[in-house]
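This report concerns a single protein chain. The sequence and the structure are shown first.

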Amino acid sequence: MLIWERFPELVAVVKKLHEEAGLAGGHHDIYHACRVGQVAYRIFKNEWEYVSEALVASAAGVCHNADRVLEEKTQQKTTKEAVSQLVDDWLVKTTGFTSFDRGRIVDAVLKHTGRNSPQDSSVLIALMDADRVVNLDMDLLPRSGQNYKNLPVVDMFNFLDDPDATYRNPKSVLRDIAYSLEWLDPASPFYIRTRLGRLMGTQRGIAFRMMMDTLKYQLEEEGILGVKL
């Protein structure tokens, strides 16, 4: 099942607001939302088997950019209430979900960027894992460069070991990409928790680690790594 064919009206209204907010073709566009929705469906169905529940998770994926859409459109920090109202409006107008299922979707959208919790619902877990998996796709490389266009691509002195770098302030594009590998670390509070999610994430992580190891080798071969100019 392809969720953009299962929920064409939902995708259409979400796409329209993405475009109005200037998110077409950007870091979190409608393609990103649909990819997360599709992976959430697959993850839920693989982990818990219930197709009807998997559809709830997939719709959460389509809607999960709601906060970004509102903030880009209004150019100011949004509220949980505004996000909740927007997502519920989308669902009421375009789907037949019950108020209970709409509430689960809204809850997942509001919480999907947070830390893992034992209290997380299956819908929220599927959405979290799907978003992490899709953000490990290889287009993260140009997307990160687009998002952090004012940062150096590579920290030639520290490489990935700048002690002052953080997730919110990675100091280089490469360091931002490297932070995504945290989702594959069992000790991380952002670890991918589902079987299919871990499988997909691990496959993607291999490619990122290979890219970073190859680049490190090339810079060492050129004698520039660790040099402060």
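The paragraphs below treat helix packing, the nonpolar core and selected loop residues.

**Helix packing**

The model is predicted. Two packed helices are described by the angle between their axes and the distance between the axes.

| Helix pair | Angle between axes | Distance between axes |
|---|---|---|
| Helix 3 (residues 30-48) and helix 8 (residues 122-134) | about 125 degrees | 8 Å |
| Helix 7 (residues 99-111) and helix 8 | about 40 degrees | 9 Å |
| Helix 5 (residues 66-74) and helix 6 (residues 80-94) | roughly 110 degrees | within 9 Å |

Helix 3 and helix 8 pack at about 125 degrees, and the two helices are therefore oblique to each other. Helix 3 passes helix 8 in a right-handed crossing. On the side of helix 3, the contact is made by His32, Arg35, Val36, Val39, Ala40, Ile43, Phe44 and Trp48. Helix 8 contributes Ser122, Val123, Ile125, Ala126, Leu127, Asp129, Ala130, Asp131, Val133 and Val134. Sorted by class, the contact of helix 3 with helix 8 has 13 nonpolar, two polar and three charged residues.

Helix 8 also packs against helix 7, at an angle of about 40 degrees. Helix 7 and helix 8 are therefore oblique to each other, and their crossing is right-handed. From helix 7, the residues Arg104, Ala108, Val109 and Lys111 meet Val123, Leu124, Leu127 and Met128 of helix 8. This contact of helix 7 with helix 8 consists of six nonpolar, no polar and two charged residues. Val123 and Leu127 of helix 8 take part in the contact with helix 3 and in the contact with helix 7.

The axes of helix 5 and helix 6 cross at roughly 110 degrees. These two helices are therefore roughly perpendicular to each other, and the crossing is right-handed. Ala66, Asp67 and Leu70 of helix 5 meet Ala82, Val83, Leu86, Val87 and Trp90 of helix 6. In the contact of helix 5 with helix 6, seven residues are nonpolar, none is polar and one is charged.

**The nonpolar core**

The largest nonpolar core has 67 residues. Within this core, the residues with the most contacts are Leu10, Val87, Trp90, Leu91, Ile105 and Met212. Helix 3 gives the most to the core, with nine residues. Val87 and Trp90 also belong to the contact of helix 5 with helix 6. Apart from residues up to four places away in sequence, Met212 touches Phe159, Leu160, Leu174, Ile177, Ala178 and Leu181.

**Loop residues**

Phe159, one of the residues touched by Met212, is found in the loop between helix 9 (140-147) and helix 10 (173-179). Its phi is near 55 degrees, a positive value in a residue other than glycine. Phe159 is buried, with a relative accessible area of 8%. Lys171 is found in the loop between helix 9 and helix 10 as well. The phi of Lys171 is near 75 degrees, again a positive value in a residue other than glycine. With a relative accessible area of 27%, Lys171 is partly exposed.

His28 lies in the loop between helix 2 (8-20) and helix 3. The residue is buried, with a relative accessible area of 8%. Leaving aside neighbours within four places in sequence, His28 is in contact with His18, Leu23, Asn65, Arg68, Asn135 and Arg143. His28 and Arg68 are 40 residues apart in sequence, and their C-alpha atoms are 8.0 Å apart in space.

Gln119, in the loop between helix 7 and helix 8, is exposed, with a relative accessible area of 69%. The C-alpha atoms of Gln119 and Ala130 are separated by 18 Å, and the two residues are eleven residues apart along the chain.

Leu136 is placed in the loop between helix 8 and helix 9. Leu136 is buried, with a relative accessible area of 0%. Not counting residues up to four places away in sequence, Leu136 touches Ser180, Trp183, Leu184, Ile192, Gly201, Arg204 and Phe208.

Note on methods:
Residues are numbered from 1 along each chain as its sequence is written. This is a predicted model: local features need pLDDT of at least 70, side-chain atom pairs count only at pLDDT 80 or more; totals for chains, interfaces and linings use all residues. Side-chain values use heavy atoms; hydrogens and water are left out. Axes are lines fitted to C-alpha atoms, for helices over the stretch in contact, and angles run from 0 to 180 degrees between N-to-C directions. Helices (H or I, at least four residues) and strands (E, at least two) are DSSP runs, numbered from the N terminus. Angles under 35 degrees count as roughly parallel, over 145 as roughly antiparallel, 65 to 115 as roughly perpendicular and the rest as oblique. A crossing is left-handed if the near helix is turned anticlockwise from the far one by less than a right angle, and right-handed if clockwise. Contact means heavy atoms within 4.5 Å. Ala, Val, Leu, Ile, Met, Phe, Trp, Tyr, Cys and Pro count as nonpolar, Asp, Glu, Lys and Arg as charged, and the others, Gly among them, as polar. A nonpolar core is a set of buried Ala, Val, Leu, Ile, Met, Phe, Trp, Tyr and Cys residues joined through side-chain atoms within 4.5 Å. Buried means under 20% relative accessible area, exposed over 50%, partly exposed in between (1.4 Å probe, protein chains only).
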